[in-house]
Amino acid sequence: MTPPKHGRRAAPKSLRLRIRTTRDSGASPARPSTPAAATPARRTTHRKRSLRPALSVAAMTFVGGMMIATSVPALAITATDSEPRASVYAPAAEDSISLDPQTIEVASEAETKVMATEGYSVEAAPPPIFSEVANVGSVSIVESGAVVWPVIDPEARASGFGPREAPCDGCSTFHDGVDFNPGNSTPVMSIADGVVVLATEDGGGLGVNVEVQHNIGGELVTSSYAHMQYGSLQVVEGQSVSAGQQLGLVGTTGQSTGPHLHLEMFGVDGVRFDGFAWLSEHIG
Ligand SMILES: [Zn+2]
């Protein structure tokens, strides 16, 4: 009478509770009957108890399931580990019930877990690139695809990238940037999404200067915008900007012979490359 009730009640959640119940109810009624009536009484008890082993099998089905799960997928292990393991394994060792039928139960459970794993990995966003910049610290730079010209009229240019005759006393004979001439006070814009890693009105020869780091196709690329007007800066260091966002206005601060945008571009190695060629290629 009592055992079946116990068994049914145990069916739900807690494995530990269920196993304990089965074992306790199985042990206690059997013993009192044994000393008094020897053989025949025992048989009756066995028949009456026939339900109990069945329940035990059911319990073992779960226990075995857990054991098998440990040898299968990683996530399934994590999930089953949350169950109190010691109490689950103990009865399994004492009983001699076959663990064969368990596979079915486990299979369905394990599959669900694996599917969940796949779902997560699909949703996971690609990790951003982290960049260490002295004046900003560690900044995460989200990958961006869109690339735009930094000025409204990119065709108007004075000096390209590479060797040149120095345009002034003390000017370099190697031009490590591109000079755009869109007109004084026209907007200077970020060439792509990125993070401002430098924004200063005291950039030495570069005058009012802004540097923006971009993650283009998984590579860190920095663009530098020089000679802008005093008081025209629209951004601060550490700020995220988007492609085409205004940084300042074309001016002639620092070592400059007239209003223009001096644009430099370089990678993590700091080596300058031809920004005009790079932009032409990426803008298409
Ligand atoms: Zn220049």
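β10 and β13 pair in the antiparallel sense, over 5 bridges. Strands here are DSSP E runs of at least two residues, helices are H or I runs of at least four, and both are numbered from the N terminus. Two strands pair if DSSP finds at least two bridges between them. One of the bridge partners to note is Glu264 in β13, which sits across from Ser224.

Before I go on, two words on the source. This is a predicted model: local features need pLDDT of at least 70, side-chain atom pairs count only at pLDDT 80 or more, and totals for chains, interfaces and linings use all residues. Residues are numbered from 1 along each chain as its sequence is written.

Back to β13. β6 also runs antiparallel to β13, joined by 3 bridges. There, Asp179 has His262 in β13 as its bridge partner. Then comes β14, residues 272-273, again antiparallel to β13, over 2 bridges. Phe266 stands opposite Arg272 in β14. β13 and β14 form a hairpin with 5 residues between them. In that turn, Gly270 has a positive phi of about 80°.

How many of the 6 residues of β13 are buried? The count is 5, so β13 is largely enclosed by the rest of the structure. Buried means 20 or more other C-beta atoms within 10 Å of the residue's own; exposed means 12 or fewer; partly exposed is in between; C-beta atoms are placed from the backbone.

Now the core. A nonpolar core is a set of buried Ala, Val, Leu, Ile, Met, Phe, Trp, Tyr and Cys residues joined through C-beta atoms within 7 Å. The largest one has 33 residues. Val188, Val196, Val210, Tyr225 and Leu261 touch the most other members. Elements giving two or more residues to this core include β2 (137-141), β8 (194-200), β9 (208-216) and β13 (261-266). As background, nonpolar side chains tend to be buried together in soluble globular proteins.

Take Leu261. Not counting residues up to four places away in sequence, Leu261 touches Pro150, Val151, Phe180, Pro182, Val188, Tyr225, His227 and Val250. Contact means C-beta atoms, placed from the backbone, within 7 Å.

Phi of His227 is near 70°, a positive value in a residue other than glycine. Most residues other than glycine have a negative phi. Buried or exposed, then, for His227? His227 counts as buried, because it has 28 C-beta neighbours inside 10 Å.

Ser185 has a positive phi too, near 70°. Ser185 is found in the loop between β6 and β7. With 12 C-beta neighbours inside 10 Å, Ser185 counts as exposed.

One more residue: Val241, in strand β11, residues 240-241. Val241 is buried, with 20 other C-beta atoms within 10 Å. Val241 and Val195 are 46 residues apart in sequence, yet 5.9 Å apart in space, C-alpha to C-alpha. Leaving aside neighbours within four places in sequence, Val241 is in contact with Ser190, Asp193, Gly194, Val196, Val212 and Val235.

Last, the whole chain. It has 8 helices and 14 strands. Of its 284 residues, 29% count as buried. Among contacts between residues at least 6 apart in sequence, 65% join residues at least 24 apart.

Terms used:
Contact = placed C-beta atoms within 7 Å.
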